[in-house]
Number of protein chains: 2
Amino acid sequence: MLILVGMGIHGYKGLSIEAIEAIKGAEKVYVEAYTSPVRGRDIDALRALRADVVEVHRWFVEDGRRVLDEARVGDVVLLAYGDPLIATTHIELLVRARRAGIACKVIHSSSIVTAALGVCGLHVYKLGRVATVVSSPIPNTSTYYAIYSNLMQMNHTLLLLEYDQEHGYFLAVDSALRLLLDCEARERMNVIDEDTFAIVASRVGMEDMGIVGGRIGSLLKHSDQHGFGEPPHTLIVTGSLHFTEVEALRASVMLLDEPIDNSKRVSTRAEMMLPNYIARAYNALSRAREYIMHAKGNVGNKAKDKDEDEYEDDAIGRIKDMIDNAEYYLSDAERFAREHRYENAILALGYAEGLIDALRYLRDIDPWASKKKST
Amino acid sequence: MLILVGMGIHGYKGLSIEAIEAIKGAEKVYVEAYTSPVRGRDIDALRALRADVVEVHRWFVEDGRRVLDEARVGDVVLLAYGDPLIATTHIELLVRARRAGIACKVIHSSSIVTAALGVCGLHVYKLGRVATVVSSPIPNTSTYYAIYSNLMQMNHTLLLLEYDQEHGYFLAVDSALRLLLDCEARERMNVIDEDTFAIVASRVGMEDMGIVGGRIGSLLKHSDQHGFGEPPHTLIVTGSLHFTEVEALRASVMLLDEPIDNSKRVSTRAEMMLPNYIARAYNALSRAREYIMHAKGNVGNKAKDKDEDEYEDDAIGRIKDMIDNAEYYLSDAERFAREHRYENAILALGYAEGLIDALRYLRDIDPWASKKKST
């Protein structure tokens, strides 16, 4: 039988009765520390329980043949940090075992995914998509947009930081924050800046756990002056905060700044573009009205005959109706935008723009261009 | 000290070394089974460890005064199912304790939030906002929209089902599914129907765990014919599935149907409205062209003088330019929609509509109305 056992986030003492029974009773016990680190003293404690615990590396689990062969004939335990099925590599091993007809068992344990939110007093129901910050810049773009979508949904974002066991490498908190600010500099969607409120949760579940919250600018300063201590570190970019969450942050987190609602600081492309576009259209509208006044004044002044006067008078009346209608649609666009009905707002705005711009085709005047000159 | 201890999802044997030490060493040990159920045999096992374990009810934890008074002078353990900080009521107790200067400790444990996804072989990185299905219809509307946003982001939705300890009430799987279909009937956003793929994860972490996946129609039939056994049950509405997730589902889940990509079956309001609106605008455009042809043919036929003919000829030429431009903008709208640039698509569409509709004001013809008659 293949038995995947979670070490949880509390180290050796976080092992459950069932996990210890499995470790004691198995033919073979492996512990892997590459998906997430397992501290040396916890491996020592495991070895005190059973001297023949073997620490294995990435290739051993990814290759998996030896584990599966052994699991065919006896009980094999594979221990890993946290909840074992958070790592897709463990799911893959499990799937291969099941397909090969090998009995499987999973002993779940505590995970940073739920614990990190809980220790900060944040509601797990508001957790959005979990993402990872890595040291190479490009993959972080998708993390940046995960934060964006989560904030748009008012959700919190849990950010895991890259860990590379082979090179003993943990992405540092300040580097992770700077990588996210770099994404902002590239993407310019106003998702994250030095004023964004974030939380650094360090060593969650360990005796020396530390949680610091503040604006990213303050966190970077804190990093320079005091650091955040030993890894692992986890970042949280909070979304909208319920008042009980704010109270919990005040009671549970070392706050460098008061928490703010980061979700209020992001907007959709539509929200960003509408106010300017609507203002620009109102400007064009007033230029159109000026034209109508002027054209009306001209009727009868230089006309060659009465018929033509009537013709022009009628045409100007129709244009005035059209521009009045454009104004109704512009005020609809404003109202829809206030109601966050952005599709309707943009459609009404576009329609008003079309009506106003008809003047360009019909009367050789460009309400938009003249507006530009006037500003 | 106040010690919050998670029972995890594996029952008594899921308790960790640290948790058992805390239970043995505390002055008082309470277990609450109202945020989630704790099985009788697990409470019996706790009582075998310590005869004076007290089972407490909602009011006891929510009031919290006795727990806090006792935690001021000695160690008090409060045990709860899963990871204790998933329940906001436990976070609130912790915050009150910290504010009162009472030392606190949290012993985390496995949670259904991460485990349910893992046992199905789904990636926890694709977990969207967690939601709850309750027996009264109205609150499920927000759950319905949580599924919608999660699907739009290609994320999975974990749905917890209502549990009421006082009345011994669990929301049944079939009722939960029907309540979601009722939301669809009301909201009509094409989020969920009998063809949506979903997973029923029953008794996750227990020996008699069962996981069944299939289209909602099939799951309802399965519920009638076989049922899903004892609670607790959890639902998952999957988003986009990575091929390793599909393989894992095939290996780990009793499948009534092949998994499908539910995310492909949802669309934004913009995606839904654009094809119809663009088609309607093309129709209006061709009516406008018919009018132009007709008006051109009339020039010179019934005109009173040459000046008027020239005037009309010029005016029709300008209208033709305008309608040609409307067509360019319509084809832009189509292209933007294909590129998922919906804001740009709607703006271009609205602008084209405005240009076409200028004819209504200027020439007393309604390209939209005539189109309606023609369909």
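Which residue follows α9(A), and is its phi positive or negative?

Modeller: The residue that follows α9(A) is Gly227(A), and its phi is positive, near 75°. Helices (H or I, at least four residues) and strands (E, at least two) are DSSP runs, numbered from the N terminus. This is a predicted model, in which local features need pLDDT of at least 70, side-chain atom pairs count only at pLDDT 80 or more, and totals for chains, interfaces and linings use all residues. Residues are numbered from 1 along each chain as its sequence is written, chains are lettered from A and ligands numbered from 1 in the order in which they are written, and side-chain values use heavy atoms, with hydrogens and water left out.

The helix itself, α9 (residues 216-225) of chain A, has 7 of its 10 residues buried, so it is largely enclosed by the rest of the structure. Buried means under 20% relative accessible area, exposed over 50%, and partly exposed in between (1.4 Å probe, protein chains only). The buried residues of α9(A) are Ile216(A), Gly217(A), Ser218(A), Leu219(A), Leu220(A), His222(A) and Ser223(A). Their cover includes the helix α8 (173-187) and the strands β10 (197-202), β11 (210-215) and β13 (254-255) of chain A; contact here means heavy atoms within 4.5 Å.

One of these covering elements, α8(A), also meets helix α7 (residues 140-152) of chain A: their axes come within 10 Å and cross at roughly 85°. That makes α7(A) roughly perpendicular to α8(A). Axes are lines fitted to C-alpha atoms, for helices over the stretch in contact, and angles run from 0 to 180 degrees between N-to-C directions. Angles under 35 degrees count as roughly parallel, over 145 as roughly antiparallel, 65 to 115 as roughly perpendicular and the rest as oblique. On the α7(A) side, the contact includes Tyr144(A), Tyr145(A) and Ile147(A), and on the α8(A) side it includes Leu179(A), Leu180(A) and Cys183(A). The residues of this contact divide into 6 nonpolar, 3 polar and 3 charged. Ala, Val, Leu, Ile, Met, Phe, Trp, Tyr, Cys and Pro count as nonpolar, Asp, Glu, Lys and Arg as charged, and the others, Gly among them, as polar.

Elsewhere in chain A, 5 strands form an open, parallel sheet in the order β3-β2-β4-β1-β5. Two strands pair if DSSP finds at least two bridges between them. β3 (54-56) and β5 of chain A stand at the edges with a single partner strand each, so one side of each lacks a neighbour in the sheet. Ignoring direction, neighbouring strands are turned by 25° against each other on average.

Within this sheet, β1 (residues 2-6) of chain A pairs in the parallel sense with β4 (residues 76-80) over 5 bridges and with β5 (residues 104-107) over 4 bridges. Val5(A) stands opposite Leu79(A) in β4(A) and has Ile107(A) as its bridge partner in β5(A). In β1(A), 5 of 5 residues are buried: Leu2(A), Leu4(A) and Gly6(A) point one way, whereas Ile3(A) and Val5(A) point the other way. Helix α5 (residues 88-99) of chain A lies across β1, β2 (28-32), β4 and β5, running at about 160° to β1(A).

As to confidence, chain A averages a pLDDT of 91, and 97% of the residues score at least 70; pLDDT is the predictor's confidence in each residue, from 0 to 100. The model scores ipTM 0.83 and pTM 0.85.
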